[in-house]
Amino acid sequence: MSDLAWINAAITAARPQAVGALLRYFRDLDTAEEAFQDACLRALKTWPQNGPPRDPAAWLIMVGRNAALDGVRKRSRHTELPPEEVLSDLGDQEERAVEQVDASDYRDDVLRLLFICCHPDLPATQQIAMALRIVSGLTVKQIARAFLVSEAAMEQRITRAKRIVAEGDADFETPGAVERAERLAAVAAMIYLVFNEGYSAGDNPARAQLCGEAIRLGRLLLRLFQAEPEIMGLLALMLVQHARTPARFDAEGQIVLLDDQDRGLWDRGMIAEGLALIDKAMRHRRPGAYQVQAAIAALHVRAPTPADTDWAQIDALYANLERLTPSPVITLNRAVAVSKVAGPEAALTMIEPLADRLSGYFHFHGLKGALNLELGREAEARAAFGRAIALANTAAEAAHIRQHLDRLMADHHPTVREPGAARG
Amino acid sequence: MLYALLCYNDEATVWSWDKAQESEVMDRLGAVRARLEKQGKLGPSLRLLPTTAATTLRKSDPPLVLDGPFAETKEQLLGFYIIDVADLDEAIAVAKDLGEANPGGSYEIRPLAVYNAGADLRVSA
């Protein structure tokens, strides 16, 4: 790997901690970001010459703080810090500089930074854009490409989001236990939003990259809160779902259903990590929505072939999930398992009461069509698929339903669906 | 003499590599590994999942099971190689070769006291 690539990776990894600490010093997001940018520029100049520092985050915090303070008149209450030329790879100097960064604040710094992005006044898409810009450090251009909007529009959206956050009262005090737990739950939800934005992207590579980013943030969060089973569950869920990505689309970008996926293409490393995390989480005996969803995803990837899938266990887990977080979408997902265990008729009966609440939901009509098709009720199937096509979110979704309709025309009865397609 | 080369690096950085960086490093490491294996100098080598997947058992009475790695450190144990070389100089030379293929972090070069090959577990890895 070249110097530049290594430095980029180190800066990306250090970013949440560094920006989080700088935000605590300056209590202003723009100042913190500018200070971090300055520090990165200096890192690009200094690190190739002096070698990488032992603690890149601490280095960037120090240098960023100095850089920002250079702009204004240095106030006496700030300790003088050594210039960055001597900071890099000079054992003693660096150790002392690092000590000046209060390590115990690290966890709360990163959590605060993430939490700021999920400000309740921000709509979901803006939360995602903020997290990608501020925590992950993606460029506005990269984010705009992921959301298929112009760079100017995305710039505007992020600026607006930052203003809302700045007007709000970001809390810079050390959070109490209850507050910390609340922040953690909000941040976990935001990270899963980022993941889903990528997961539902079809084969748009710019957006699919968001899955990897969400997983990185999940690992970061779990490193900070190592004994939280729901964070283990969240990371496991994302890993196991993302592991299937190489098999989810064919060469033409068409959706390949779970049953039809080449299981040899699944990423075994990610699956191993996900399963290990589920194992760890279960030991805590504090089930939560992410853990149960991860356990469901795990049952799918544990099956060597679709026929080996433990649908009865999946049905039981969905029943659990319905109890933890009741939602029609979860019931809809459960109906897929029910159709495998008790047949399509039972599944149809189960989703019938959802018709009102899910009338505008692509997957509801898709499943209804598939179940009717299985029962040989072609007219009902055709009607449901027609509704689904009108509600498709991506070209790939529409094309997938179109296939069903085409097969219907050809009087062919497929029985495959992607059970994970409608996720809660 | 048997040595373990214990690989330490900042896991947040290593697990931030994108696919291209990852495969570039793995290709280069693969070449070094193949050469060492051919010379009969490289035994088992393995890569660990991130410390977030780790659990620690403290052998207290009663034993305590904790989530996470044994110690919170700036750099984490990411994997290791077992090598069979003439002396420490050669062990350092091997470490340098591997380090050239995969810059960043450190190798702790640690002589082995006991080596049990055990069963061949490759099927499940």
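Start by selecting chain B: its secondary structure comes to 3 helices and 6 strands (DSSP runs numbered from the N terminus, H or I of at least four residues for helices, E of at least two for strands). This is a predicted model, where local features need pLDDT of at least 70, side-chain atom pairs count only at pLDDT 80 or more, and totals for chains, interfaces and linings use all residues. Residues are numbered from 1 along each chain as its sequence is written, while chains are lettered from A and ligands numbered from 1 in the order in which they are written.

Next, show both chains. Their contact (C-beta atoms, placed from the backbone, within 7 Å) takes 19 residues from chain B and 23 residues from chain A. On the chain B side, α1 (11-14) and α2 (19-38) each supply at least two residues, and the largest share, 3 residues, comes from α2(B).

Now jump to chain A and select residues 378-391, helix α20, plus residues 395-409, helix α21. How do their axes cross? They come within 9 Å and cross at roughly 160° (axes are lines fitted to C-alpha atoms over the stretch in contact, with angles from 0 to 180 degrees between N-to-C directions). That makes α20(A) roughly antiparallel to α21(A), a label for angles over 145 degrees.

Finally, show side chains here: A:Phe385 and A:Ile389 are among the α20(A) residues that meet α21(A), whose residues there include A:Ile401 and A:Leu405.

Technical notes. Two residues are in contact if their C-beta atoms, placed from the backbone, lie within 7 Å. Angles under 35 degrees count as roughly parallel, over 145 as roughly antiparallel, 65 to 115 as roughly perpendicular and the rest as oblique.
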